[in-house]
Amino acid sequence: MTQAAEIAVDYAFLRKFAVVPWNIVAYNIFGGEGKGPDIFGTEPWTFYIRNLLLNFNIWFIFAMSAAPLLLLQAIFRPQATKKEIPLRTLAVIAPFYMWFAIFTAQPHKEERFMYPAYPFLALNAAIAIHIILTYVGSKDSKGSKGTLLAQAKLTIVTAVVLAAINAGLLRTVGMITAYNAPLKVFEPLERLDIPQAGDSVCFGKEWYRFPSSFFLPDGMRAKFIRSEFRGLLPGQFPDATDYPALFDGTSQIPEGMNDLNQEDPGKYVSV
C-alpha cells in the first residue's frame, strides 16, 4: 500500500510511471561505466567512523559495542539471561551493523546516508547501556569480585553518560555558531531596502553550502557563476502561479541535465 501511494504521488508530479526506490538502486548499483555514485567523489573506509564519532561521541562506541557486550553477557553471566533473549536482542541490534557495513563498503560516502540508521544507533547504544547497568547493579559476588563497589561503578557510568551528553550539547552549539555563515549571508536580503524584484543572488564554487533558494525573498533568483567547480549544477523548474502549472513544472526535466555529472555551461550567468 505504501509503495502504491508513493507511485501515485510520483506519477502526479512527474507525469510518468516511476518506482523511485528502484531508480536509486538501478543508477547507484547498475549504472554502468562512467555512471554511479563514485563520479561524485569517494571517501576512505574510516569516513563514517570519524563522522559518527564526531556527531554521537561515546554513543557511537556504545552502539558498536552492543553485540560484543551481548556475547560477553551470554558467556559469563548466563544465569542473568534467558536463552531466548540473546537471539531476540541480536535481531534487534543487527540492522545498525548491516546498514553501517553496507555503506562503509561503498566508495562514495555522505553523512546523510547514515540518517536512516540514527534510530538504530540510538537503540544499540541504549541496549549496550542496559547491559552495562545490569552488570553494574548486580549483587552477584562472583560477578563483582575484583571490581569496584556497585555504587562506585554506578558513579563512573553516570559520569561517562553526563560527559557524553555534555559533548553532544557542545557539538550542537558548535554547529549553530560555527557553521551558520551561509544563513548570515542571507540575512541582509531580508531588509526591505535591499532586494528588488528580478534581482539575482550569485553562487560560486561553494554553492552547495548555502540553503535552499526558498530562503531568498520573493522575486529573487539563485544564479551560478563559473568557478573552479566543474560538475553538474542544479537546474531550475519553471515558475508556477497555480497548481496545474506546478504539476507541469515538476514534470519537466530542466535543460542541460545529465547523469554523468558533466558540466553544463548553460547554467552560468555572466558577471
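Colleague: Let's begin with charges: which residue forms a salt bridge with Glu206, and how far apart are the closest N and O atoms?

Modeller: Bear in mind that this is a predicted model. In it, Glu206 pairs with Arg209 in a salt bridge whose closest N and O atoms lie 2.3 Å apart.

Colleague: And how do Glu206 and Arg209 count, buried or exposed?

Modeller: Glu206 counts as partly exposed because its relative accessibility is 30%, whereas Arg209 has a relative accessible area of 51% and is therefore exposed, the cut-off being over 50%.

Colleague: How many salt bridges are there by this rule?

Modeller: The count comes to 8 salt bridges. Another one of them joins the side chains of Glu263 and Arg226, at 2.7 Å from N to O. That pair links distant parts of the chain, since Glu263 sits in the segment after α10 and Arg226 in the loop between β2 and α10, 37 residues apart.

Colleague: What is the accessibility of Glu263 and of Arg226?

Modeller: Glu263 has a relative accessible area of 24%, so Glu263 is partly exposed, and Arg226, at 48% relative accessibility, also counts as partly exposed.

Colleague: Which residue does Asp264 meet in a salt bridge?

Modeller: The side chain of Asp264 meets that of Lys267, with 2.9 Å from N to O. Asp264 is buried, with a relative accessible area of 17%, and Lys267 is counted as buried at 12% relative accessibility; both values fall under the 20% limit, which is why the two residues are put in that class.

Colleague: Changing topic, which residues touch the most other members of the largest nonpolar core?

Modeller: That core has 21 residues, and the ones touching the most other members are Tyr48, Leu52, Phe60, Phe96, Phe100 and Leu121. The elements that contribute two or more residues to this core are α3 (47–56), α4 (58–76), α5 (84–104) and α6 (118–136), with α6 giving the largest share, 6 residues.

Colleague: What is Phe100 in contact with, leaving aside its neighbours within four places in sequence?

Modeller: With those neighbours set aside, Phe100 contacts Tyr48, Ile49, Leu52, Phe60, Met64 and Met114. There is also a second, separate core of 10 residues, which includes Val201, Phe203, Phe224 and Leu233.

Colleague: How many bridges join β1 to β2, and do they run parallel or antiparallel?

Modeller: There are 4 bridges between β1 and β2 (residues 221–224), and the two strands run parallel. Across the pairing, Phe203 stands opposite Phe224, and Cys202 stands opposite Lys223.

Colleague: Now the outside: which residues form the nonpolar patch on the surface?

Modeller: The patch is formed by Val9, Phe13, Leu14, Tyr243 and Leu246, which together have about 440 Å² of accessible area. Helices α1 (2–14) and α10 (243–250) each supply at least two of the patch residues, and α1 gives the most, with 3 residues.

Colleague: Where is Leu14 found, and how does Leu14 count by accessibility?

Modeller: Leu14 belongs to helix α1, and with a relative accessibility of 30% Leu14 counts as partly exposed.

Colleague: One last topic, backbone geometry: what is the phi of Asn57, and where is Asn57 found?

Modeller: Asn57 is not a glycine, yet Asn57 has a positive phi of about 45°. Asn57 lies in the loop between α3 and α4 and counts as buried, because its relative accessibility is 16%. Asn261 likewise is not a glycine and has a positive phi, of about 60°, and Asn261 is found in the segment after α10.

How values were computed:
Residues are numbered from 1 along each chain as its sequence is written. This is a predicted model: local features need pLDDT of at least 70, side-chain atom pairs count only at pLDDT 80 or more; totals for chains, interfaces and linings use all residues. Side-chain values use heavy atoms; hydrogens and water are left out. Patches are made of residues with over 30% relative accessible area and no salt bridge: like charges are joined within 9 Å, nonpolar side chains (Val, Leu, Ile, Met, Phe, Trp, Tyr) within 5 Å. Accessible areas come from the Shrake-Rupley method with a 1.4 Å probe; for residues, only the protein chains shown count as cover. A salt bridge is a side-chain nitrogen of Lys or Arg within 4 Å of a carboxyl oxygen of Asp or Glu. Buried means under 20% relative accessible area, exposed over 50%, partly exposed in between (1.4 Å probe, protein chains only). A nonpolar core is a set of buried Ala, Val, Leu, Ile, Met, Phe, Trp, Tyr and Cys residues joined through side-chain atoms within 4.5 Å. Contact means heavy atoms within 4.5 Å. Two strands pair if DSSP finds at least two bridges between them.
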